[in-house]
2 protein chains.
Amino acid sequence: MTTINDIAKLAGVSRTTVSRFLNNSGYVGQEAGERIAQVINETGYMPSQSAQTLRTKKTGVIGIILPKISTETSSRVVSGINRVMKREGMQILLTDTELDPDKEIEYLRLLKSRQADGIILLATNIGERLQQEIEAFPIPVVALGQNIPGVPSLTYADYDASSDIMQLLIGKGHRKIGFIGVSETDPAVGKLRQGAYTDAMKRHNLEVKESWMAEGDFSIDSGYEAMKRIITGNRSALPDAVFCVTDRMATGAMEYLKEQGFSIPGDVAVAGIGDAVMARYITPSLTTVNYYNEEAGEAVGEMLLETMAGIKHSKKMMHKYRLIKRDSV
Amino acid sequence: MTTINDIAKLAGVSRTTVSRFLNNSGYVGQEAGERIAQVINETGYMPSQSAQTLRTKKTGVIGIILPKISTETSSRVVSGINRVMKREGMQILLTDTELDPDKEIEYLRLLKSRQADGIILLATNIGERLQQEIEAFPIPVVALGQNIPGVPSLTYADYDASSDIMQLLIGKGHRKIGFIGVSETDPAVGKLRQGAYTDAMKRHNLEVKESWMAEGDFSIDSGYEAMKRIITGNRSALPDAVFCVTDRMATGAMEYLKEQGFSIPGDVAVAGIGDAVMARYITPSLTTVNYYNEEAGEAVGEMLLETMAGIKHSKKMMHKYRLIKRDSV
DNA sequence: CTGAAAGCGCTTACAG
DNA sequence: CTGAAAGCGCTTACAG
């Protein structure tokens, strides 16, 4: 590999001058500059990132901690983050916890040793240990999707969006509304969305039957199984609508319903959250809410950039959303 | 940040010893080791990656150049690559060309300056300039999805898979088969799949009508528009089947067909390639071929690891695939 | 079993 | 306008 010393020698200047030329810092004589430019061109020289980092403490890399790398939401968010980071000439280091909370901490440490300039965390929990880790953390961390105490967080409007879905269902005359959720260890998807469900039911004096509620694990299959449990467990008192906290689980639920010959929304209405592309193309098309994940990615990206620059804006922000009414309700 | 010097001081040894302890290289006394371990624990010390890289020339990072970051195929592939890289303790740097061929070269250079230990390239072309760039490249590059001359490449069996689709269509009695493809600048998706289509038609003495063929750009919308062009342009001689080179375009095509009241596969059969999750859940479910993207990701990952280790195996490999017969044909 | 010393490729005061 | 020198945090012969 050619180094700055090679360039200096070939151009007949000191490496100090080459460095100045490269970074546009300080004066470089016309003639010297031209010689340097030419040599760089000929050799295809690129400064060593690690040497630069060692000196400047800046890597130009930010880390993203994802719950699951191969997910529609993840890739939309990453795409948004990537857009703003590219603008700043920064690179992205991806990390995948596979839904294991311990790995969130593990990767935080890993990204520290890689000297990421900042970290965007898409957590699935907000545990004590995680908070402590971040508190003592030497590099800026922002969160997306979960409101982590003490950490600048951009969250989705889980409660409001879920309330809107419930409102829509109830407005359409549904009274026996079931629910397919995820574990409450997940504050955003597990707790908040379920809270909106039970609150809405109570507000309208509707009965919340335990047997109308089932838990999945985000997967399409788990939605299918959850729906099956709800149906087989309530032969005599079937719900007439089901609110699923993700589109994937809603897709599975619909699959089961269709297999069993139920008409959607005639017999049972179904709604989800997330607006996966699939939601639009399955039959019937799925009523859901769009979270603008890509824009959310851009927004956390900007948040991170700001906190890296030392700007302390309002620490908590909620991202916009939009209810998408389609044919499943 | 605590450095190796701090640790050495706190543990009352030289930094040489700390380094040996860290890397398990050479002897470290029992007692010294214990003291070091304790200090490291207390301080949460992590060695600086950039300093290590500067010395050893290894970053522990591999770069991936993706045509589009937020795509189902991409995220599956990345997930597979990630699995093998994680096993090796390596990290992934993601890069997105947004389908711009110039950026493939740009990112190659960027990853060089970041001293990636290796690069996995998901190209959309195999142009001269790209080949030259790679030829002179100081770090190992492997390709996935395109067969790039001179570069170890893992490709999908585009021709065979497409032939299988055609075989299926023809076997079901279809004779007037249309085609929705992408630009032929893409050798794998554009050329090979189209070649299989025309070859199959000719082999069976079936007429290939220009007006039955349309080009899209991978998007669902473009599939919709392509189908529209085919239908509106052939009112008197409609095809009775359409082979779409991607599931997303097939989805768009089906959408148009359904809107227009055509029955699928009664009036027009539709097939795709890729086995997007959506393929299974749209109505009718889509006949397609599964490319095992995640395993392909693992496989290129291994290929890269091997070529990084200096192993020169057979440079060209084709990944397995499976025809998935569903209800759209 | 352990340490002093050199060096990886840069940047940045400092001096001229 | 330009260069010599120090130093970033490691690892690795080498010597003991």
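Predicted model: local features only at pLDDT ≥ 70, side-chain atom pairs only at ≥ 80, totals over all residues.
Local features need pLDDT of at least 70, side-chain atom pairs count only at pLDDT 80 or more, and totals for chains, interfaces and linings use all residues. Residues are numbered from 1 along each chain as its sequence is written, chains are lettered from A in the order in which they are written, and side-chain values use heavy atoms, with hydrogens and water left out.

**View 1. The contact between chain A and chain B.** Here 48 residues from chain A meet 48 residues from chain B (contact: heavy atoms within 4.5 Å). Together the two chains bury about 4,000 Å², with 59% of it on carbon and sulfur atoms (buried area: the accessible area, 1.4 Å probe, that two parts lose on being put together, summed over both). Look for A:Gln91, A:Arg114 and A:Tyr281, which supply 17% of the area that chain A buries against chain B, more than any other three residues.

**View 2. A salt bridge between the chains.** A:Lys86 and B:Glu98 join their side chains in a salt bridge at 3.4 Å, N to O (a side-chain nitrogen of Lys or Arg within 4 Å of a carboxyl oxygen of Asp or Glu). The count between chain A and chain B is two salt bridges.

**View 3. Strands side by side.** Strand E2 (91-96) of chain A pairs with strand E2 (residues 91-96) of chain B in the antiparallel sense, over three bridges. Strands are DSSP runs (E, at least two residues), numbered from the N terminus, and two of them pair if DSSP finds at least two bridges between them. Find A:Ile92 and you can follow its bridge to B:Leu94.

Terms used:
Helix = DSSP H or I, 4+ residues; strand = E, 2+ residues; numbered from the N terminus.
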